[in-house]
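Let's take a quick tour of one protein model, from its sheet to its aromatic contacts. Have the viewer open and follow along.

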Amino acid sequence: MQLLGERPPLALVACSDDWMSRALENVFQQRGYVVAHTRSGTQALELARLANHDLLVLDESLADIAVLELCRTIRNGSQFDHSIPVVITSSTPSDPRSRLIAYSAGAWEYCTHPVDLDPVFTKLETFLRARGELILSRTQDFVDANTGLYTSFGLRQLAGKMSARAQRNHEAFACVAFAPQVQDREIGSSMLWKESPTGFADVAHVFREQSRQSDVVGLVGESRLAILAPDTDAAGARLLVARLQRELDHASRSKSISGQIRLRVGFSAVADLAESKVNVAELVHRAENALDHAPLQGDTTAIVSYEDLPIFE
C-alpha cells in the first residue's frame with residue numbers, strides 16, 4: 001500500500017527482542033512497508049535523524065535508552081522531523097496512566113503485547129495520506145518570494161534528492177552556512193559588525209548570481225543562508241567562501257549593494273558522501289552548528305569547519 005505516492009512507506013522498528021522484532025517486521029512488510037530494524041536505542045536515534053522514515057516503532061525492551069526518554073528526545077530534538085508518528089509498544093498491561101505518560105512523551109500511539117495492529121494501520125493510512133498531501137501542497141513554498149532563494153522546506157526536500165545522487169556517484173559534498181554581517185560602527189582601529197536583515201536581499205542576489213548551476217542556495221534562518229555544493233570537498237568549500245566574499249567586496253565598492261558585508265561561515269564537507277555514512281541533511285545540520293561557533297567580530301571572513309570543532313573529535 002503506497003500512501004505517499006512516490007515510494008512505499010518506510011518504518012523503523014527499534015526492539016531488542018528478536019522474536020518480536022521479526023514479528024513486527026513481517027506484519028509491516030505484509031502491509032506494504034519497507035522496514036529497517038535495530039536493537040539499539042542509540043542507533044534508533046541516529047537512523048531517525050539521518051533517514052526519511054514515515055513511522056517509528058519503539059519497543060520498551062530497548063536496554064540502552066528508556067523508551068520514553070527516547071521518544072522525548074525525538075520529539076524535542078530540532079534535528080528530527082516532528083511530523084513522523086512514533087508508536088510505543090510495551091509488554092506491560094495497558095492502563096490509562098501508562099497511556100497518558102506515553103502520550104505526554106510525544107507518542108502518537110501506545111500499544112501493548114500482543115499488539116493489535118489493525119486499528120493502528122487504519123489510523124496510519126489516514127494520517128500518512130494527509131501527511132503526503134500536506135507535503136505536496138507545500139511544494140509551492142519551495143522558493144522565498146522576497147529573496148528568490150529556496151526556503152528551508154525546499155532546501156530539505158532537495159537535500160534528500162541530492163543525497164541519493166551524490167552517494168550513488170561517490171561524490172564529494174559540502175554544505176556551507178552563512179550569516180552575513182553588516183558594518184555597525186568603528187571603535188579605534190577596529191570595525192564592529194552585526195547580523196542584520198538589512199541588505200540581506202542584496203547578499204542573496206550576489207549568492208544566486210555567483211553560485212554554480214549545480215549549487216543550491218537556500219534559507220536556514222531569518223538572516224542566514226546555506227549553499228549545498230555537490231562535488232566540493234573542504235578545500236573547495238573554502239574557495240567558494242573566498243570567491244563570494246570577493247564578490248561582495250566588489251559589489252560594495254561599486255555601490256551595487258549598500259555598505260560593507262563580512263561573512264560568518266560554518267561548513268561541513270566530506271570527500272565521499274557514500275563512505276561518510278551521512279546524508280546532505282546532516283551536512284546542513286553540521287554546517288549550522290559550525291556557524292554558531294564562528295567568531296562574531298573581526299575584520300576578515302570568519303570561517304569554521306564542523307570537522308575542526310572539539311565536539312567532532
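Below are notes on the sheet, the helices on it, and a few side chains. Keep in mind that this is a predicted model.

Start with the open sheet: five strands in the order S2-S1-S3-S4-S5, with parallel pairing. Strand S2 (34-38) and strand S5 (109-112) sit at the edges, so to speak, each pairing on one side only. On average, neighbouring strands here are turned by 20 degrees against each other, direction ignored. Zooming in, strand S3 (residues 55-59) and strand S4 (residues 86-90) run parallel and are joined by four bridges. Leu56, for one, has Val86 in S4 as its bridge partner.

| Helix | Strands touched | Angle |
|---|---|---|
| H4 (residues 96-104) | S4 and S5 | about 140 degrees to S5 |

Now for the rings. Searching the whole structure turns up six aromatic pairs. One of them is Phe178 with Phe207, edge-to-face at 4.8 Å centre to centre and 80 degrees between the planes. Phe178 belongs to strand S6 and Phe207 to helix H7 (residues 200-210), so this pair ties together parts 29 residues apart in sequence. Both of these Phe residues, Phe178 and Phe207, are buried.

Strand S6 (residues 173-187) also holds Gln181. Is Gln181 buried or exposed? Gln181 counts as buried because its relative accessibility is 5%.

Elsewhere, Phe28, Tyr33 and Phe121 make up one aromatic cluster. Finally, Lys123 places its charged end over the ring of Trp108, 5.0 Å from the ring centre.

Technical notes:
Residues numbered from 1 in each chain as written. Predicted model: local features only at pLDDT ≥ 70, side-chain atom pairs only at ≥ 80, totals over all residues. Heavy atoms only, no water. Helix = DSSP H or I, 4+ residues; strand = E, 2+ residues; numbered from the N terminus. Buried < 20%, exposed > 50% of the residue type's maximum accessible area, 1.4 Å probe, protein only. Phe/Tyr/Trp six-rings, centres within 6.5 Å; stacked < 30°, edge-to-face > 60°. Lys NZ or Arg CZ within 6 Å of the ring centre and 35° of its normal. Pairing = 2+ DSSP bridges. Axes fitted to C-alpha atoms, helices over the stretch in contact; angles between N-to-C directions. Contact = heavy atoms within 4.5 Å.
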